[in-house]
Amino acid sequence: MVEKTLAIIKPDAIKKKVMGKILQRIEEEEFLISGLKMLHLTKEEAQGFYIVHKDKHFYDPLTDFMSSGEIVILVLEGEDAISHWRKVMGATDPAMAESGTLRQMFGSSVEQNSVHGSDGPETAEWEIDYFYKEKKEEE
Ligand code: ADP
Ligand code: MG
């Protein structure tokens, strides 16, 4: 099934100057990029995006990290885009991520793991709305 997913290149990856490598991988994997923008989130915007994790011990440092610098927010389209992108990212903890995955290659810790991807169809819709609501309404 053709799906859309929300991908983020996190601040650690931008600082490491691997944004280009990640975008190249996205194209090599044959995703269609139908949204791309660079933003520097406020703490409040990062808290809103990660609201599902509000009770986790890592919520406060995670939202500090995600608002610590520029991020690139993408909408990726393709066959099974949600699971395809999660496979390309690899496990949350780079130390556990399979060889050749983005997190294994570019992540430096379970928090600073270089990329984000939606985890299911409802989450993808909610996350795309969170950053691309106006665009969606125009369609
Ligand atoms: P994923 O990004 O793989 O879907 P989660 O949704 O569980 O993982 O977590 C969201 C983000 O929170 C992770 O990508 C990572 O940046 C951070 N995170 C998750 N677990 C931890 C942890 N145990 N310690 C610190 N940060 C974490
Ligand atoms: Mg998640």
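## Lining of the largest pocket

By class, the lining of the largest pocket in this predicted model splits into seven nonpolar, seven polar and six charged residues. Here nonpolar covers Ala, Val, Leu, Ile, Met, Phe, Trp, Tyr, Cys and Pro, charged covers Asp, Glu, Lys and Arg, and polar takes in the others, Gly among them. The volume of this pocket is about 480 Å³. Of the 20 lining residues, Tyr50, His53, Phe58, Thr92 and His116 are the closest to the centre. Two elements, strand S4 (115-117) and helix H7 (121-138), each give two or more residues to the lining, and H7 gives the most, with three.

Grid points are joined across faces, edges and corners, and the volume is the space filled by probe spheres set on the points. Helices (H or I, at least four residues) and strands (E, at least two) are DSSP runs, numbered from the N terminus.

## Around ligand 1

Threonine 92 has a side-chain N or O atom 2.5 Å from an oxygen atom of the ligand. For a polar side-chain atom of lysine 10, the distance to a ligand oxygen is 2.9 Å, and for a side-chain N or O atom of arginine 86 it is 3.1 Å.

Asparagine 113 sits in the loop between H6 and S4. With a relative accessible area of 2%, asparagine 113 is buried (buried is under 20%, exposed over 50%, partly exposed in between, with a 1.4 Å probe and protein chains only). A polar atom of the asparagine 113 side chain is 3.4 Å from the backbone oxygen of valine 110.

## Helix H5

In helix H5 (residues 81-89), the residues Ala81, Ile82, Trp85, Val88 and Met89 are buried. They lie on the same side of H5, because they cover an arc of only 130° around the axis, taken from the directions from the helix axis to the C-beta atoms. After H5 comes glycine 90, with a positive phi near 90°.

Most residues other than glycine have a negative phi. Serine 114 has a positive one, near 75°, and its place is in the loop between helix H6 (102-106) and S4. At 0% relative accessibility, serine 114 counts as buried.

Glutamate 30 also has a positive phi, near 70°. This residue lies in the loop between helix H2 (19-28) and strand S2 (32-39), and counts as exposed at 69% relative accessibility.

## Conventions

Residues are numbered from 1 along each chain as its sequence is written, while chains are lettered from A and ligands numbered from 1 in the order in which they are written. In this predicted model, local features need pLDDT of at least 70, side-chain atom pairs count only at pLDDT 80 or more, and totals for chains, interfaces and linings use all residues; side-chain values use heavy atoms, with hydrogens and water left out.

How values were computed: On a 1 Å grid over the protein atoms alone, a cavity is a set of points where a 1.4 Å probe fits but cannot get out, and a pocket is an open set with protein on both sides within 12 Å along at least five of seven lines; lining residues have an atom within 4 Å of a point. A polar contact is a pair of N or O atoms within 3.5 Å; within protein, one must be able to donate a hydrogen and the other to accept it, and residues adjacent in sequence count only if both atoms are side-chain atoms.
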